[in-house]
Amino acid sequence: MAALSFSGSLANAMLQFDLTAVWAFTTFLIFVVLTRVLYTAYCTPLSRVPGPWYAPFTNIPLKIAVLGGRRAFHVHNLHSRYGSVVRISPNELAICDTEGFNKIHAGRQGFPKNSWYQRITGDSILAIFTMRDPKVHAERRRILSKGFSKSSLRSSWEGEIRDMVNIAIDGMHQDALHDPTRAVDVSKWFTLLATDIAGRVMFGDSFGMLQAGKKTEYCELVEKATLASALREEIPFIRILAACLPIKLFKDVTASIPLMNEYGRRAVVNTRAALTLYSKQMTIFSGMVVGQEKEPGSLTDADIATEARNLTIAASDTTATALTYFVWDVIRRPQLQAALERELSTLQGEELTDEVLEHLPLFNATFLEVLRLHGSAASSLPRDVPNGGAVFDGFAVPEGTIVHTQAYTMHRRPEVWGVDADEFKIERWLNESGTSIRTGIEHSTYSPFGTGVRACIGIHLAWMEMRHAGAAFLLRCAQAQIAPEMHEDEMDMEDYFTMKPKGRRCMVSLSG
Ligand code: HEM
């Protein structure tokens, strides 16, 4: 009996000890976390930077804005309230003044990209988009630039691009024939066009979507895989949910891997085929690998597969969205539409090449204004403050802080663009007689394609597609109008890493 009560009280004592230990450990943990939060909030130089009350403690409101597709607008509002340097989370600042923007992006190297880029692509092999080391990036950029130069694109790809543009416009007319108001979703056709062009240029095969009039399984899976990686980056606990729950989006990521590998192989085979014979299936990489296998930094098969996939993603939605907003912004202004149709008609009889189109003042000014207000990559570009820290508007910012700039705000600053910065005005781009594009102060922070060493490598391809598709639309869909079923707010922008119209469609009635 005595022995029993002894062992009972021993068990009690041990339980009590256990509870005390757990309690002490939990208290210690809370203390450590709180000290860290308070230290980051109040004791680093960032504590002097203005911003909302919660930003020093948490990034939750920012994450909520990201998940709701409102990041750029959330940050834009914070700039309006707190100024050009704003603390948006414990370790992140948003910057929108000219000097700060140039400090981050211009110069020989610019600040390094944050590791966010690699995390959202989910790639283990680095590509031009994700590389952070300036030397490694410069080498890759040197190699890829050859294929993406204006002259190389014009000599190797322009004819095919023009043909594909015409198939897209034929498709629009076909769709319109089957609709009582002759309405067609131009956003759908521009997406098929931009993705098929990217597939042809990067993989050597178009995805055949223009012919089919709809997206292929590959494209849908890649889109979902990209979204899933981005979601996993924003809400880390989703990884655990994704691993245990049968959520379709995340299962699709697994399903997409063999298909992505298959396309990667295709890019490699088609690239290498062009080494031995002139192949119709050559890719943009073909010229880059000819005779260069032994050069330092030359592309391996794995590099070609990864670049092909990343470049296709970078090239598709961005260009399609720019074209969609071009049509939307133009047909809502019948006077502008008529003036553009007139300007293009002056070229009658001439071959419509990118070079010829590049010299039309009104046409190009319209694209510049569309990209200013409705740029498709106008959201945050995160960079790391390098060793030694930096100063922004008098605030000392320690190394390792993440600094963001966004074209959405840079393109709407009244100090640069005037009091009418929010208005769509083509005239701001033209000289007084309207005969050429004006250059001036606004260009230093005008950055729909980014700025500096990390600016868009596909800029000339994007412009070529936009000019050909924009001109073909204006000429072959003259007097197009907004379809009666279309609501203005469907074209409000949503920010899911790139910008897109909220309604995911743009219905236009074609006349005739
Ligand atoms: C209208 C269409 C496009 C827009 C608005 C656009 C916009 C941008 C922007 C803003 C950046 C800078 C990103 C950053 O600094 O973090 C960028 C980078 C990039 N873009 Fe584009 N882009 C477009 C089309 C394309 C096309 C057609 C391609 C491929 C053929 C492409 C490939 C890339 C790549 C690879 C980078 C990363 C470059 C580097 O880090 O060196 N983009 N783009």
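Axes here are lines fitted to C-alpha atoms, for helices over the stretch in contact, and the angles between their N-to-C directions run from 0 to 180 degrees. With that in hand, helix α16 (residues 334-345) and helix α21 (residues 459-476) of this predicted model can be described as packing at an angle of about 100°, their axes 10 Å apart. Angles of 65 to 115 degrees count as roughly perpendicular, so α16 is roughly perpendicular to α21. On the α16 side the contact is made by Leu340, Glu341 and Leu344, and α21 brings Ala471, Leu474 and Leu475 to it. Sorted by class, the contact of α16 with α21 has five nonpolar residues, one charged residue and no polar ones.

The axes of helix α15 (residues 301-331) and helix α18 (residues 361-374) come within 10 Å and cross at roughly 110°. α15 and α18 are therefore roughly perpendicular to each other as well. Here Ala322, Tyr325, Phe326, Asp329 and Val330 in α15 meet Thr366, Phe367, Val370, Leu371 and His374 in α18. The class count for the contact of α15 with α18 comes to seven nonpolar, two polar and one charged residues.

As for Val508, and leaving aside its neighbours within four places in sequence, the residues in contact with it are Ala183, Val184, Val186, Val327, Ile331, Ala480, Ile482 and Ala483.

On to the domains. The chain is divided into domain 1 (1-43) and domain 2, the latter made up of 45-112 + 386-424. Taken over C-alpha atoms, the centres of domain 1 and domain 2 are separated by 43 Å. Where the two do touch, five residues of domain 1 are in contact with four residues of domain 2. On the side of domain 1 that touches domain 2, the residues divide into four nonpolar and one polar, with no charged ones.

Key:
Residues are numbered from 1 along each chain as its sequence is written. This is a predicted model: local features need pLDDT of at least 70, side-chain atom pairs count only at pLDDT 80 or more; totals for chains, interfaces and linings use all residues. Helices (H or I, at least four residues) and strands (E, at least two) are DSSP runs, numbered from the N terminus. Angles under 35 degrees count as roughly parallel, over 145 as roughly antiparallel, 65 to 115 as roughly perpendicular and the rest as oblique. Two residues are in contact if their C-beta atoms, placed from the backbone, lie within 7 Å. Ala, Val, Leu, Ile, Met, Phe, Trp, Tyr, Cys and Pro count as nonpolar, Asp, Glu, Lys and Arg as charged, and the others, Gly among them, as polar. Domain bounds come from an automatic or database domain assignment.
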